[in-house]
Amino acid sequence: MKKLSLTLLTLLLVGGIAYAKPKKAQKLRVLLWSEQTEPRNIYPSGISGALAEALGKQKEFECKTAQLSDPEQGLSEAALRNTDVLIWFGHKKHSDVTDETVSRVVRHIRERGMGFIALHSAHFSKPLKAALKATGSWSSYVNFGKPEQMWVVAPNHPIAKGLKDFTIPQTEIYTEPFDVPQPEAVIFEGTWETGHRNREVMVWTLDKGRFVYVRPGHEEYPIFFMPQMQRLIANAALWAGKRTHAPAKLERREVGPKATASGPYRPPKT
Ligand code: ZN
């Protein structure tokens, strides 16, 4: 009897091991949304398409794209339910996004814990304004095509992982103040030759959801094709999707020139 039960136990154990399939890591489901007004000579398939291709090459992500012209604006209840992180680019058609779409998106962020990443001109998008309960406005916007220096100021935040300070060769400048609630962390700051210094990548936790704003990315320059920006967005998606977590104590790195100009930038008249 004893021998039999031992044999049984062995069988059960071996069987158990054989049947316990190795747990396949669940991919992070990323939905990349755009209104699709990006210039086609820079972004043939939109900023959403460019980033979907970049992220899609990494095993952690399963990427889909959606756009304003899709049924239910590409953001149906079912589409959102199958999304872990929504990445949003909008510029000229913010007002075409319906209030129903916006309230669905905000509900999925706050109540279900969907991550959200707002890119560049999405500071004026309806989901950002509704989620952050703010106007999302900066004090000025000048598309001058000058370089911006990006500085890592929270080096131990997972969004900065593998990233060093870098230069974006041509950018549009926005200037502080940026009307949003105090972020829980600022990961990058940026400086220009004008003497302005801005918060460039910042994050909030909104009830169950994590929210990221990424300031650079004017659509007339190929900014989202830069490997550093693609890494930054991938890191942001992993954080917003709760695959990574910020340490309890964030380091602050003092780096780069201090601001010598504040408020709106007025370009010299030519
Ligand atoms: Zn822009």
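Which residues does Gly 136 touch, not counting residues up to four places away in sequence? They are His 123, Phe 124, Leu 128, Phe 178, Asp 179 and Val 180. Contact here means heavy atoms within 4.5 Å. Gly 136 sits in the loop between H5 and strand E5 (140-152). Its relative accessible area is 0%, so Gly 136 is buried. Buried stands for under 20% relative accessible area, exposed for over 50%, and partly exposed for the range in between (1.4 Å probe, protein chains only).

The model is predicted: local features need pLDDT of at least 70, side-chain atom pairs count only at pLDDT 80 or more, and totals for chains, interfaces and linings use all residues. Residues are numbered from 1 along each chain as its sequence is written, and side-chain values use heavy atoms, with hydrogens and water left out.

The chain has 6 helices and 9 strands. Helices (H or I, at least four residues) and strands (E, at least two) are DSSP runs, numbered from the N terminus. Along the principal axes, the C-alpha atoms fill a box of roughly 95 × 45 × 35 Å. Of the 270 residues, 52% count as buried. Among contacts with a separation of 6 or more, 74% join residues 24 or more positions apart. The accessible surface comes to about 13,600 Å², and carbon and sulfur atoms hold 56% of it. Areas were computed by the Shrake-Rupley method with a 1.4 Å probe; for residues, only the protein chains shown count as cover.

The 9 strands form an open sheet of mixed pairing, in the order E2-E1-E3-E4-E9-E8-E7-E5-E6. E2 and E6 are the edge strands, each pairing on one side only. On average, neighbouring strands are turned by 25 degrees against each other, direction ignored. Axes are lines fitted to C-alpha atoms, for helices over the stretch in contact, and angles run from 0 to 180 degrees between N-to-C directions. Two strands pair if DSSP finds at least two bridges between them. E5 and E6 run antiparallel and share 7 bridges. In this pair, Lys 146 stands opposite Thr 171 in E6. Strand E7 (residues 185-191) and strand E8 (residues 197-206) are also antiparallel, with 6 bridges. There, Phe 188 faces Val 201 in E8.

Met 150 lies in strand E5. Met 150 counts as buried because its relative accessibility is 0%. Beyond residues up to four places away in sequence, its contacts include Phe 166, Ile 168, Phe 188, Val 201 and Leu 232. E6 is mostly covered, with 7 of its 10 residues buried.

H2 lies across E1, E2, E3 and E4, at about 170 degrees to E2. Helix H4 (residues 99-112) lies across E3, E4, E8 and strand E9 (209-214), at about 120 degrees to E9. Helix H2 (residues 46-56) is mostly covered: 9 of its 11 residues are buried. These buried residues pack against strand E1 (28-34), strand E2 (61-67), strand E3 (85-89), E4 and H6. Ser 48 belongs to helix H2. With a relative accessible area of 3%, Ser 48 is buried. Neighbours within four places aside, Ser 48 is in contact with Leu 32, Trp 33, Ser 34, Gln 36, Glu 38 and Thr 65.

A nonpolar core is a set of buried Ala, Val, Leu, Ile, Met, Phe, Trp, Tyr and Cys residues joined through side-chain atoms within 4.5 Å. The largest core has 44 residues, of which Ile 117, Leu 119, Val 212 and Leu 232 touch the most other members. Helix H6 (residues 227-240) supplies its largest share, 9 residues. A second, separate core of 34 residues includes Trp 33, Ala 66, Leu 128 and Met 202.

The zinc ion has three protein donors: His 120 (NE2), Glu 172 (OE) and His 218 (ND1), at 2.0 to 2.1 Å. Donors are N, O and S atoms within 2.8 Å of the metal (3.2 Å for Na, K and Ca); water is not among the atoms, so sites may look incomplete. The donor spacing in sequence is H-x51-E-x45-H. His 120 lies in the loop between strand E4 (115-119) and helix H5 (126-132), and Glu 172 in strand E6 (residues 166-175), so the pair ties together parts 52 residues apart in sequence. Both His 120 and Glu 172 are buried.
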